[in-house]
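Visitor: I'd like a close look at one part of this protein. Could you walk me through the nonpolar core and what sits around it?

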Amino acid sequence: MAASAGPEIERLIGLLSKLPGLGPRSARRAALALLKRREQLLLPLSDALAEAAARVKTCEVCGSLDTQDPCAICSDQTRDGSLICVVEEVGALWAMERAGAFRGRYHVLGGLLSALDGVGPEALRVGPLVGRAGDPGVREVILALPATVDGQTTAHYLADRLSGAEVTVSMLARGVPVGGELDWLDDGTIAQAMRARRPA
């Protein structure tokens, strides 16, 4: 870090570097951009951060983030309460909502099981999910977890935990993406697509 940077700038750079995808060099560039455009960027960002810190809370039902609790999705009576889509984090919930393909309710786990990182079931929102799945109005739990080793481990664990509930447990289909060319896909994706084939 530059010796000429004051403690306030160093603190800004240090905090920015803690954000995902920003290392020390990117944090310095971001800090400079904010400081150069103080009126257009820095002050509005400061206000937005303060407002978010004061108003945004975690939904007690699904674990999403919103300014109300229960969140807007859990409060929406037009959504199908018999379907629960389980996602790793809130970002995955937002991605599902952008796609507009799901009109049920969600459950945010808050992470994935990971033996290497020491993340066990107690660190995730598994208990509340099992409780929600036991509701007589719920008929299906969809596991929309990443196609990674930790994602699949978590999916198998959840399927086992939900086996006592009278619900169908399903997973998102995996395989060839829309617009995907076979020669650009990895072997695992092609193999999964072949296993998950369906009638034409």
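Guide: Here is a tour of the core, its surroundings and then the chain as a whole. A quick word on ground rules: this is a predicted model, where local features need pLDDT of at least 70 and side-chain atom pairs count only at pLDDT 80 or more, while totals for chains, interfaces and linings use all residues. Residues are numbered from 1 along each chain as its sequence is written, and side-chain values use heavy atoms, with hydrogens and water left out.

The largest nonpolar core has 18 residues. By nonpolar core I mean a set of buried Ala, Val, Leu, Ile, Met, Phe, Trp, Tyr and Cys residues joined through side-chain atoms within 4.5 Å; buried is under 20% relative accessible area, exposed is over 50%, and partly exposed is in between (1.4 Å probe, protein chains only). Val86, Leu129, Val141, Leu145 and Leu158 have the most contacts inside this core. At least two of its residues come from each of strand S3 (80-87), helix H6 (126-133), strand S5 (140-143) and helix H7 (149-161), and H6 gives the largest share, 3 residues. Helices (H or I, at least four residues) and strands (E, at least two) are DSSP runs, numbered from the N terminus.

Zoom in on Leu145: skipping residues up to four places away in sequence, Leu145 touches Val86, Val87, Glu88, Leu109, Leu112, Gly151, Thr154, Ala155, Leu158 and Arg174. Contact here means heavy atoms within 4.5 Å.

Apart from this core lies another, of 15 residues, with Cys62, Ile73, Phe102 and Tyr106 among them. Glu97, in helix H5 (residues 90-99), is in contact with Ile73, Arg79, Phe102 and Tyr106, leaving aside neighbours within four places in sequence. Glu97 has 28% relative accessibility, so it counts as partly exposed. As for Pro70, it is found in the loop between strand S2 (65-66) and helix H4 (72-75), and a cis peptide bond joins Asp69 and Pro70, with omega about 0°.

Now step back. The protein chain has 8 helices and 6 strands. Its radius of gyration (taken over C-alpha atoms) is 21 Å, well over the 16 Å that the globule rule gives for 200 residues, so the chain is more spread out than a compact globule; that rule is 2.2 Å times the number of residues to the power 0.38. Buried residues make up 28% of the 200 residues.
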